[in-house]
Amino acid sequence: MRRCFVVCLVVLLVMASGSAFARGAREADDTVTIQIGLAPREVGQTFPALLDEFRAANPNIRVNWLEVPGVPGEQKNLYVTNLIGGSDEPDIMALDIIWPGEFIANGWTIPLNDYFTDAELAEFNPALIDAATTLDGEVHAIPFYQNAVHFFYRRDLLEKYNLSVPTTWSELEEAARVVVEGENNPDLVGYTSMWAQIEGLFMNYLQFLWGAGGNMVDARGRVAVDTAEGRKALNQMVGMLDRGTAPESILTYRPNDAMALFRQGRSVFMVVQGFVWPIITEPDSPVADVVEMGSIPVFDGQNPETTRRHAIGAWMFAINPNSRNVDAAVELIRFLTREENQVRLGVETGNLPPRLGMENNPALIDAVPIAAQQFRNFALGDVRPSVHTGENYTEFSDIMQRHIHSALTGNMSVNQALRSAQAEADALLGK
Amino acid sequence: MEAILLVMPALAAVMLVLLLPTLNSLRMSLTNFSLSRPGPFDFVGLQNYRAALRIGEFQRSIRNTFVFTAVGVMFQVSLGLVLALLLNRALKLRGLLRATILFPWALPTALNAIVWRWMYNADLGVFNFLLLQSGLVQQRINWLGASNLAMGSMIFVAVWKTSSFMALIILTGLQTIPDDLYEAAIIDGASPWQRFRRITFPFVAPAIVLSMLLRSMDAFRAFELPFTLTEGGPAGTTQTISLYGYRQLFQFLNFDRGSAVAVLQFLMLLVLGIVYIVILRKREKAL
């Protein structure tokens with residue numbers, strides 16, 4: 001009995017120290033090991049292939065891929081747990097665009113300006129770089145690929161009723177009314193999107209707000225919720241429900257629900273992220289040949305060319321401050337974010353390079369024709385106010401989601417909702 | 001002495017995974033430790049508790065949790081009793097039936113909730129499809145999106161899921177009743193209602209209270225169902241205490257307030273547990 005116990009104990013100890021022994025042995029012959037955390041969900045076969053190429057070119061760097069969960073919130077939990085524990089794993093973390101503010105504030109990333117020149121950084125979409133830049137100009141993350149909330153519409157239905165593609169919200173509502181009345185189909189709705197109480201709701205609201213000429217951050221860098229433009233944006237969303245442009249069900253909708261409805265040919269307009277494009281244009285999709293991607297409408301009296309903004313997102317690489325192999329980690333980031341590798345990722349998976357000047361890249365446009373429109377929207381891209389809210393972004397976004405949803409469900413008036421959101425935001429951000 | 005030694009490993013494991021984290025939560029709830037406020041932290045006494053109880057969102061989540069627990073358990077125990085009485089009869093295929101009704105309870109809540117979310121979907125779901133096709137309603141019903149319906153829809157799923165579990169526990173109580181009691185009652189001319197009221201109910205009452213205790217504890221900590229079905233929406237009308245605590249702890253990294261919420265939830269559960277145990281004791285003494 002006792003012998004059995006001792007054996008078990010020894011086995012456990014050996015297992016626990018195994019990784020440490022292995023690491024020591026490798027370091028002895030000049031080989032270093034780095035670990036990179038990234039969700040496999042969106043990067044297909046391209047990412048492992050890129051890692052293999054990097055390993056072949058750098059025999060002295062061993063790369064382990066930590067396949068983190070596909071749900072962003074769970075990834076964040078995993079990273080935060082490791083970082084609080086002072087772990088050096090993973091060396092490289094893929095961060096959602098809204099995390100850098102929080103990670104930088106907690107000292108969970110290192111500045112990369114010593115490794116990437118300003119000229120190199122200037123090749124990327126500046127809105128994305130800004131989202132990972134401190135007020136002192138330190139850049140803490142390099143973008144890997146970008147995405148956005150896009151505007152989708154049914155070309156066939158608009159043509160049938162001689163309607164042009166709407167550029168303002170009132171044009172959109174009028175077009176939706178004409179089509180839905182004309183089709184006389186009880187299953188058809190005018191507009192669908194992701195208005196459940198989720199991050200996507202806040203992104204939606206921001207696009208309305210920007211289209212009204214507003215901004216979440218005022219000239220003094222203060223987060224301003226209760227503004228004239230804010231009321232205009234929220235009134236428009238509430239109005240779309242009241243006037244029946246959007247069905248009540250939109251209040252429970254996440255991206256996949258909206259996509260399912262649109263793919264069945266049951267919505268004239270849709271606003272969701274670009275990842276739905278390959279699915280709604282599959283050969284067996286009833287709307288495959290009649291769906292188009294456009295740019296988000298703005299409010300009456302605003303110039304669409306100067307006012308419209310798309311909420312963009314990205315996955316960005318940052319380095320764990322506990323990493324013992326920063327140089328090797330930088331090498332891998334530099335390799336993965338090289339133009340040809342990002343183009344390859346775009347061609348093979350549809351996740352587009354977060355770079356400027358890509359709209360004319362022939363290989364990319366050839367493989368992903370819709371990329372041209374996506375790049376037009378990226379160029380109009382704006383990011384969520386994660387830098388200004390820093391470590392409080394997630395909680396701030398929750399305040400906004402709750403109050404927007406309260407106004408949409410009729411539990412609060414628009415004015416009440418924004419006033420209350422401003423009060424909670426001020427308390428949170430210590431203004 | 002030997003007994004203590006033999007219990008030690010198990011006790012140590014329990015200490016390690018249960019007691020220490022619990023004490024740590026208690027400690028954190030008395031500090032201002034939050035990763036959304038970097039820097040050193042201090043002990044702040046009961047400040048987190050006072051602050052949490054003043055937050056409207058938390059108050060609403062307490063109210064939601066009580067409604068979910070009270071209404072849900074009421075329906076579950078009623079339905080469970082009916083199911084148990086049916087299953088206690090000498091039906092054909094009784095074994096198969098007993099196994100079948102346990103299905104909803106045996107499946108993972110998160111999976112159930114995803115399926116129910118699609119069935120409740122106002123545009124694509126099966127409920128509205130059937131209701132519209134049969135002409136029972138003219139308008140699509142927004143099961144999970146309307147503030148006055150979402151809680152009811154969620155309770156319905158909970159009742160569907162756990163009534164069979166209640167039935168199982170009540171059934172074990174039913175099986176302890178000797179048949180000759182009923183025979184004697186029938187000879188004395190007792191009506192079916194009298195037999196239920198005077199024989200069946202007193203015998204299964206402890207099982208009913210026990211099933212209510214277990215179910216209330218579970219319902220009071222409900223997390224997977226609101227998390228997967230509604231994420232607490234619309235506008236926080238289905239947010240439970242557990243979901244609120246999860247957001248504070250894991251999404252906003254406010255370990256101070258999140259821990260205070262967890263401790264408050266624990267205290268409320270403790271009171272609930274004591275109430276049930278007192279009821280059980282009283283019954284035992286009365287018998």
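Predicted model: local features only at pLDDT ≥ 70, side-chain atom pairs only at ≥ 80, totals over all residues.
1. The side chain of Ser323(A) reaches the backbone nitrogen of Asn325(A) at 3.2 Å. A further polar contact, of 2.7 Å, links the Ser323(A) side chain to that of Asp91(A); the term denotes a pair of N or O atoms within 3.5 Å, where within protein one must be able to donate a hydrogen and the other to accept it, and residues adjacent in sequence count only if both atoms are side-chain atoms.

2. Side-chain values use heavy atoms, with hydrogens and water left out, residues are numbered from 1 along each chain as its sequence is written, and chains are lettered from A and ligands numbered from 1 in the order in which they are written.

3. Ser323(A) belongs to the loop between β8 (310-319) and α14 (326-336) of chain A; helices (H or I, at least four residues) and strands (E, at least two) are DSSP runs numbered from the N terminus. Its relative accessible area of 10% makes Ser323(A) buried (buried is under 20%, exposed over 50%, partly exposed in between, with a 1.4 Å probe and protein chains only). Leaving aside neighbours within four places in sequence, Ser323(A) is in contact (heavy atoms within 4.5 Å) with Asp88(A) and Asp91(A).

4. Over all chains, a search of the whole structure returns 31 salt bridges, each a side-chain nitrogen of Lys or Arg within 4 Å of a carboxyl oxygen of Asp or Glu. One of them pairs Glu183(A) with Lys160(A), with 2.7 Å between the closest N and O atoms. Glu183(A) lies in helix α8 (residues 169-183) and Lys160(A) in helix α7 (residues 155-160) of chain A, so the pair ties together parts 23 residues apart in sequence. Glu183(A) is partly exposed at 25%, whereas Lys160(A) is exposed at 54%.

5. Arg308(A) and Glu305(A) form a salt bridge at 3.9 Å, N to O. Here Arg308(A) is buried, at 8% relative accessibility, and Glu305(A) is exposed, at 59%.

6. A salt bridge of 3.3 Å, N to O, joins Glu348(A) and Arg344(A). Both residues lie in helix α15 (residues 339-349) of chain A, four residues apart, about one turn of the helix. Glu348(A) is partly exposed at 47%, as is Arg344(A) at 23%. Elsewhere, salt bridges with shared partners connect Asp398(A), Arg402(A), Glu424(A) and Glu57(B) in one network.

7. Chain A is divided into domain 1 (30-140 + 312-379) and domain 2 (149-309 + 389-429), with bounds from an automatic or database domain assignment. Their C-alpha centres lie 29 Å apart, and 11 residues of domain 1 are in contact with 11 residues of domain 2. About 990 Å² is buried between the two domains, 58% of it from carbon and sulfur atoms; buried area is the accessible area (1.4 Å probe) that two parts lose on being put together, summed over both. In domain 1, Ile98(A), Ile370(A) and Asn377(A) lose the most area to domain 2, together 43% of what that side buries.

8. Which polar pairings cross between the domains, and how many? The count of salt bridges between them is zero, while seven residue pairs are in polar contact across the interface, both residues at pLDDT 80 or more. On the domain 1 side, the elements giving two or more residues are α4 (100-105) and α17 (371-379) of chain A.
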